[in-house]
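Subject: Structure handover

Hello,

Here is the structure I promised to pass on. Please open it, then read my notes beside it.

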Amino acid sequence: MRIYNTMSKRKEDFVPLHEGKVGMYVCGPTVYNLIHIGNARPMIVFDTVRRYLEYRGYEVNFVSNFTDVDDKIINKAKEEGVDASVISERYIEECKKDMAALNVRPATTHPRATMEIDGMIEMIKSLIDTGYAYVAKDGTVYYRTRRFRDYGKLSHKDLDNMQTGLRMLAVTGEDQKEDPLDFVLWKPKKEGEPYWESPWCKGRPGWHIECSVMSKRYLGDTIDIHAGGEDLIFPHHENEIAQSEAANCCTFARYWMHNAFLNIDNRKMSKSLGNFFTVRDILDQYDGQVLRYFMLSVQYRSPLNFSRDLMESAKTSYERIVNCAENLRFLLEKAAAAGKTALTEAEEALLPEADAFRVQFETAMDDDFNTADGISAVFELVKWINSHADENSSAAFLQKISDELQSLADVCGLLLQRDKNLDEDLAAYVEAQIAGRQAARKARDFAKADAIRDELKAKGIILEDTREGVKWKKA
């Protein structure tokens, strides 16, 4: 298995710190609002990475935090006239609902920044004691960036170039810094903000120290994989490295994984452009599995463009996989009822062809978790199944190829059984439309009747007029 390491800018053989075990940390959301589809990409991508590592036999300790103290949370709380904890608790629960809808499994541990303050204070103390940090007159604690000689090794940025870009900071109220490049570890409280007691002032932690402390507590001083969106490479992950390696005197993370940005109709997602979508917005129109399929249809390091056309294409592709699985279940029930249980010689000869798709899938996923090629292998398996499974197949054959499909879909986190409630809602809608069409035909309003038929067809519903009445099926 090979992973592209942002640190080395190349693919490397994956060798975990402890044989058979993987420690993985993924930066989670700041919980001040519903998560948007940009947040969903790393959630889905790294949930799939975790699933594949487990499929390969690793025991994975997967840690993903909630940032529950932040300026955005505080501002939202002030707007609503409530405590900041009310906002963070509300949106942690909403985030969990969206993750469940996307079939993102809960982390082994979901630490919250506000529950780890003591550890942050201890790490900051150690950085001050060793000269990596200092206390300003107002109680703010800063990290001495230049003291860490390897600063910039993840983002491949040069300190002198960064210095040039930051010269204006001296006139923006940060003149108490020794160097414009220094960043905050602890900041004094402002009026109406949540705060904690510390040796330096009543205040709260800087953002970067939070992840250094949470990863250390739940995964140890050195972790196997640290992951997140590419927007976190600098300064967040760069600063995490500086803090953690100075405090712990060892390598912080062995492999760094970053997913690329998600754009909307080839433009950056922005509220000002009117193209900002929450996950909940998309779930109002599509099954969460369609969004998951869409997110995995492109390799995680490649930019992903979101559009309605691409979502409709993902919906069609996902439906084809689900239809295949449902057809297998139907055929399996008929074969079992007919007593056709034993595998035939012809079927046994076919099974290696099905196994070849598994090999194709594993080859793709072993190459830096290439889900695009992995899903292509699943799709090829579906086409093969549709060509070789029929009413003459034995139950043993159908069960084996069904298990094959289910196993690969599980790695991708794709559910192969439709939500019963969704199917019931669809059935109720279609039956109501059929009733309306029948009424239009009775009134000899054939234009309206045809319009209803065409509307249903556009939604993937085919009507059949029979002697027993109107029947319908999914395309």
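Which glycine takes a positive phi just after α1? Glycine 57 does, with a phi of about 100°. Before I go on, a word on the source.

This is a predicted model: local features need pLDDT of at least 70, side-chain atom pairs count only at pLDDT 80 or more, and totals for chains, interfaces and linings use all residues. Residues are numbered from 1 along each chain as its sequence is written, and side-chain values use heavy atoms, with hydrogens and water left out.

**The whole protein**

The protein has 15 helices and 15 strands. Helices (H or I, at least four residues) and strands (E, at least two) are DSSP runs, numbered from the N terminus. The C-alpha trace spans about 90 × 60 × 35 Å along its principal axes.

Of the 475 residues, 48% are buried. Buried means under 20% relative accessible area, exposed means over 50%, and partly exposed lies in between (1.4 Å probe, protein chains only). The protein exposes about 22700 Å², and carbon and sulfur atoms supply 48% of that area. Such areas come from the Shrake-Rupley method with a 1.4 Å probe; for residues, only the protein chains shown count as cover.

Now the contacts, meaning heavy atoms within 4.5 Å. Take those with a separation of 6 or more: residues 24 or more positions apart account for 75% of them.

There are 64 positive and 77 negative side chains. Lys and Arg count as positive, Asp and Glu as negative; His and the chain ends are not counted. The centres of the two sets lie 3 Å apart. Each charge is placed at NZ of Lys, CZ of Arg, CG of Asp or CD of Glu.

Start with α1, residues 37–55. Its 19 residues should span 27 Å at 1.5 Å a residue, and the end C-alpha atoms are 27 Å apart, which agrees. The expected span is 1.5 Å times one less than the number of residues. In α1, 15 of the 19 residues are buried, so this helix is largely enclosed by the rest of the structure.

Next is α4, residues 117–129. This helix has 13 residues and reaches 18 Å from its first C-alpha to its last, close to the 18 Å expected. Which residues of α4 are buried? They are Ile117, Met120, Ile121, Met123, Ile124 and Leu127. They cover an arc of only 165° around the axis, which puts them on the same side of α4. The arc is that of the directions from the helix axis to the C-beta atoms. Here is the general rule: an α-helix has 3.6 residues a turn, so residues three or four places apart point the same way.

On the other side of α4, Asp118 and Asp129 are exposed. The buried residues of α4 pack against several elements, including β5 (133–135), α6 (207–219) and α7 (233–248). Just after α4, glycine 131 takes a positive phi of about 85°.

**Backbone exceptions**

Most residues other than glycine have a negative phi, and most peptide bonds are trans.

- The peptide bond from phenylalanine 234 to proline 235 is cis, with omega near 5°. Proline 235 is in helix α7.
- Cysteine 249 has a positive phi, near 60°. Cysteine 249 sits in the loop between α7 and β10 (253–259) and is exposed, at 68% relative accessibility.
- Phenylalanine 369 has a positive phi of about 55°. Its loop runs between α11 (345–366) and α12 (371–388). Phenylalanine 369 is buried, with a relative accessible area of 2%.

Is histidine 237 buried or exposed? Histidine 237 is buried, at 0% relative accessibility. This residue is in helix α7.

Leucine 304 is in strand β13 (residues 304–306). Leucine 304 is buried, with a relative accessible area of 3%. Leucine 304 and phenylalanine 261 are 43 residues apart in sequence, yet 6.5 Å apart in space, C-alpha to C-alpha. Beyond four places in sequence, the residues that leucine 304 touches include Arg41, Phe261 and Val298.

Serine 317 is in helix α10 (residues 308–337). Serine 317 counts as buried, at 17% relative accessibility. Neighbours within four places aside, serine 317 is in contact with Tyr293 and Phe379.

Best wishes
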